[in-house]
Amino acid sequence: MAVTPDDVRHIAHLARLAVDDARVPELVRELNGILGHMEALGKVETEGVEPTTGVGDAGLALREDAGPPIPLTRPLEGFAPAMRDGFLIVPRLATHADEEDDALA
Amino acid sequence: MSGTMPSAAVLARYEMVVGLEVHVQLKTRTKAFCNCSTSFGDAPNANTCPICLALPGALPVLNYEAVRLATRAALALCCAIRERSVFARKNYFYPDLPKGYQISQYDRPLAEHGHLVIGTNADGSPVTVGITRVHMEEDAGKSIHDRYPGLTAIDLNRSGVPLIEIVSEPDMRSSREAGAYLRALKQIIEYTGVSDANMEAGSLRVDANISIRECGETALGTKTEVKNLNSFSGVERALESEFRRQVDVVSGGGAVEQQTMLWDGANGEVRPARSKEASHDYRYFPEPDLPPLVLATKWITAQREALPELPRERRDRMRTEYRLQEGDIEVLTASAALGDYFEGVARHHGDAKAAANWIMGEVLATLNATDTPLDRFRVRPADLAGLLDLVRDGIVSHSAAKRVFAEMVATGDRPEQIADRLGVRQESDAGALGAWLDAVIAEHPAEWQRYRSGERKLQGVLVGMVMKKSGGRADPRKVNQLLVERAIG
Amino acid sequence: MTIPGDRRVAPDPVSGVEGAFAAMERARAGADGLNAVLWHDRDHALDEARAGQAYLDDGGVPGPLAGVPVAVKDNIATLHLPTTCASRILQGYVSPYEATAVSRLRRAGGIVVAKTNCDEFAMGSSSEHSAFGPVRNPHDLARVPGGSSGGSAAAVAAGVVSIALGSETGGSVRQPAAFCGVVGVKPTYGRVSRYGLVAFASSLDQIGVFGRSVRDAALGLEVIAGRDALDSTSDACPVPVYTDAAERDLEGMVIGRPKEYFPPELDARVARACDRALERLVDAGATVKDVSLPHTALAIPVYYIIAPAEASSNLARFDGVRYGLRIEGDGLRAMYDATRSRGFGPEVTRRILLGTYVLSAGYYDAYYRKAQQVRTRITEDFRAVFSKGVDALFTPTTPTPAFAIGSKTTDPYEMYLNDIFTATANLAGVPAISVPIGRVDALPIGGQFITPHFDEPTMFAAAFALERALGQEAHR
Ligand SMILES: [Mg+2]
Ligand SMILES: [Zn+2]
């Protein structure tokens, strides 16, 4: 399962990281180098072994359906990069359609 | 988008196969994973905190009420509840998704294997749609794209509000069935008090998966997902339109491609939402910030026992208990509240048919005209029953009763008080009637003589005069009797 | 002689804080020297000290850390100093809420005097991957202090504070403790609230404590440990008085020596220091037993799948929308890409890509799921030895002493191997502590005790005993 340049571009896109083509070969090498060491896992017999999910089997402690919310010692306006009329502001999606469904996901 | 429309003959060769994914907002005071209020209409980002803003280091803590309501809905849909369900992260970037992932459930959802009865076949057997799963998740915030040119405005008040996603089996074969499923689902959600389930307000959202196949075929075709559906009728129209589009493609020798379509209600057509290469890879994995949700068998049983009477059970009971026509029962069980109202009136008054007629007539008309929800309607069942008693006992006439009712709606006073205030109680006391009759006889001796000597057709005239003198309060039946007695006597 | 609720009272809060800042000067703990401290606010710290003094003057009961200056790793949320995780993407960010561990330190009377440098988002084993420059080892400025909590370790080693908070995901407290010659403890997963600890790998992260002595570390942990309703993974079991463990002798204690931690190629001088430590433990009444944890060698592969996978998701929130760095671009996608590409350093970028890859469609089962299965096996290894009468395990904390700055930056995996003896405890969730056991080439090395889940008392008992038994040998 070797990582290809296309894989790197794909996961960079998924992770919203701009990776300029010059760095792709280097990353391909690094990732394959690291993943090479992971092959050792393939040799372990894990038939019927439960994957670890969460630590401890106590189960989830639930909270009461009540306030108050945890207060902010400084308002959102105090640290948000861009706000207007109380709204957080971001640039409009350049290609809107391709993430429209995400908005509804 | 192909504009051509396949002929009826071609359409008839195919059937649609529909499955629905419905998101329902749970009626909790606070959000799923933080203590922020779920109330709407507040100033943008007013209901936010370190957790729903996804500040560095903040962690989710699950709301008990969200679990209770989700379980309640799942039980009402006859699902099997998983005693150990697991939350998962659904990873994708969107500015109204603060953490960069949605906390949802994936391979071990809260509930599975349910079903919902959406109607009755000609042979009386129930039409059933399978429920694949019911899982818990959190809502995203709101992105407003048309407020500032070139910018998107984000309001995170909705971010983290608890939802359930209800996924149906692909069991529906027509847009009509899809509509029936949605109405039955909405009704059961309302009956259980899990949600307002209001599509206009966004507390109920629908996505549809639709494929087509030639009638008689059993294999499933390639499905498309239709989104942006904002009303039940919109769902039905969108399905019809997508059905025609797919038939057009397939009958033309083409192949339907798996993609997401958006319903454009204004132009009454569906259009592709995104290109295939941007297809998504959500990288689900178990949410490490939340241990598995473990529900005790005893607790689940208690939730099942706490379920209210559901729409179908209620209709069956009312059918036998009140012997009403199917149509009336449908209307009267539309909501739990209306059903309770009807039964309240029927129990106090006794005559279920009369109660049904008044509620389906005057009451619903008034509620619709003033669009008042039943719980804020001033006429309580006992009082309406009281009014119906007055009519039955001939104490107020049917036409007067409508005036009394109008006053009850306006003031909330009891019908007896209002009948007195309006002076519409019918007078049946012999003394009073006699006095009016004497007066009439005194004023019209000639007519009285002719009547006594057998000119029976004058009876109506004389009764009319008495009624007039009584200001309409005399009970006409009694006046007639009295007239006859005097004539003979 | 210790009494329950043992406390470490400074002469008085104000002079305590002044002492800490004087020590910061002397040790040149800032950017011009060790670069251990990123942020500090003398005036605010002194205000807190005066408030603490006033409280004591009014006859207030002194908390266990009354007036004690403490340092906090920069990935733990504090109200009055920045919390940047040593990353450009959070440069200038001051948290509007406080981490539970910090609230508890302050409620106990402690005063936060510094936020310490570390590897960006705690991703590293050398504290070289900081957006604000590498931390230097007080014992040799040309060498790394270890990481990722290198700044906290160096601050304690340099005498700036006697107690500091760090965080662990794969050894980020124990390994720098060993490299800097101080005590470092990683509690049981769930023992300390993670609320306010900026997440790296949620299923592995735990806040840990550095101390100049075992007592300092025990006292610090005692104060911050315990159930927190704000962390669903924090455990409700009661918190013992850890400092009481100082009184326990090792009579009858069985200490396991796992052969996988003593491979033939292990540096002989490290092995000798461990043998000496084991002899002292036997003198103190313990018996040593050879044991095996067969899946140990797989810890690094498992760790470097699970940790980056969780990190790729945990770091998605740094998107320039609500806080931190934002670099505008043509459209939303461009803003995301520019902000994240320039906000994250190369190691963080590498791990996000690695984690995204192992979770992406088609690879999940082969990598992430498989790793979680092997993780279960690693946990079973520990349960097995502990169920066979072993009370604690003793191992070297690291295979080597501190290495030279820049010597392990070519092959990332070389660096990852630093965690080989520490990552297992994070994967299994068991507690572990590193204590100084001597020197190699005049550089400190550490020995590690690992005990069963929530058996910190036994872990501390062994650590106290070894510290006593070695005395000055621990630093020779
Ligand atoms: Mg969903
Ligand atoms: Zn909130």
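A: In this predicted model, 29 aromatic pairs are found over all chains. One of them joins B:Y64 and B:W299, whose ring centres are 6.1 Å apart with 75° between the planes, an edge-to-face pair. B:Y64 belongs to helix α2 (residues 64-76) of chain B and B:W299 to helix α5 (residues 297-305) of chain B, so the pair ties together parts that are 235 residues apart in sequence. B:Y64 is partly exposed because its relative accessible area is 31%, and B:W299 counts as buried because its value is 19%, the cut-off for buried being under 20%.

A pair in chain C is formed by C:W39 and C:F132: the centres are 5.3 Å apart and the planes stand at 75°, so this pair is edge-to-face. C:W39 lies in strand β1 (residues 37-39) of chain C, while C:F132 lies in the loop between β3 (111-116) and α4 (150-157) of chain C, so parts that are 93 residues apart in sequence are tied together.

Ring pairs also build a cluster, which links A:F79 with C:Y93, C:F121, C:F318, C:Y323 and C:F344.

The charged end of A:R84 sits over the ring of B:Y148, at 4.7 Å from its centre. In chain C, the charged end of C:K408 sits over the ring of C:F403, at 4.5 Å from the ring centre.

The C-alpha atoms of chain C fill a box of roughly 70 × 65 × 45 Å along the principal axes. Of the 476 residues in chain C, 67% are buried. Among contacts in chain C between residues at least 6 apart in sequence, 76% join residues at least 24 apart. Chain C exposes about 13800 Å², and carbon and sulfur atoms supply 52% of that area.

Chain B, which holds the B:Y64 and B:W299 pair, also supplies the donors B:H23 (NE2), B:E137 (OE) and B:E165 (OE) to the magnesium ion (ligand 1), at 2.0 to 2.3 Å. B:H23 is in strand β1 (residues 14-25) of chain B and B:E165 in strand β10 (residues 162-168) of chain B, so these two tie together parts that are 142 residues apart in sequence. B:H23 is buried at 7% relative accessibility, and B:E165 is buried at 10%.

How values were computed:
Residues numbered from 1 in each chain as written. Chains lettered and ligands numbered in written order. Predicted model: local features only at pLDDT ≥ 70, side-chain atom pairs only at ≥ 80, totals over all residues. Heavy atoms only, no water. Phe/Tyr/Trp six-rings, centres within 6.5 Å; stacked < 30°, edge-to-face > 60°. Helix = DSSP H or I, 4+ residues; strand = E, 2+ residues; numbered from the N terminus. Buried < 20%, exposed > 50% of the residue type's maximum accessible area, 1.4 Å probe, protein only. Lys NZ or Arg CZ within 6 Å of the ring centre and 35° of its normal. Donors = N, O, S within 2.8 Å, 3.2 Å for Na, K, Ca; no water. Contact = heavy atoms within 4.5 Å. Areas by Shrake-Rupley, 256 points an atom, 1.4 Å probe, with all protein chains shown as cover.
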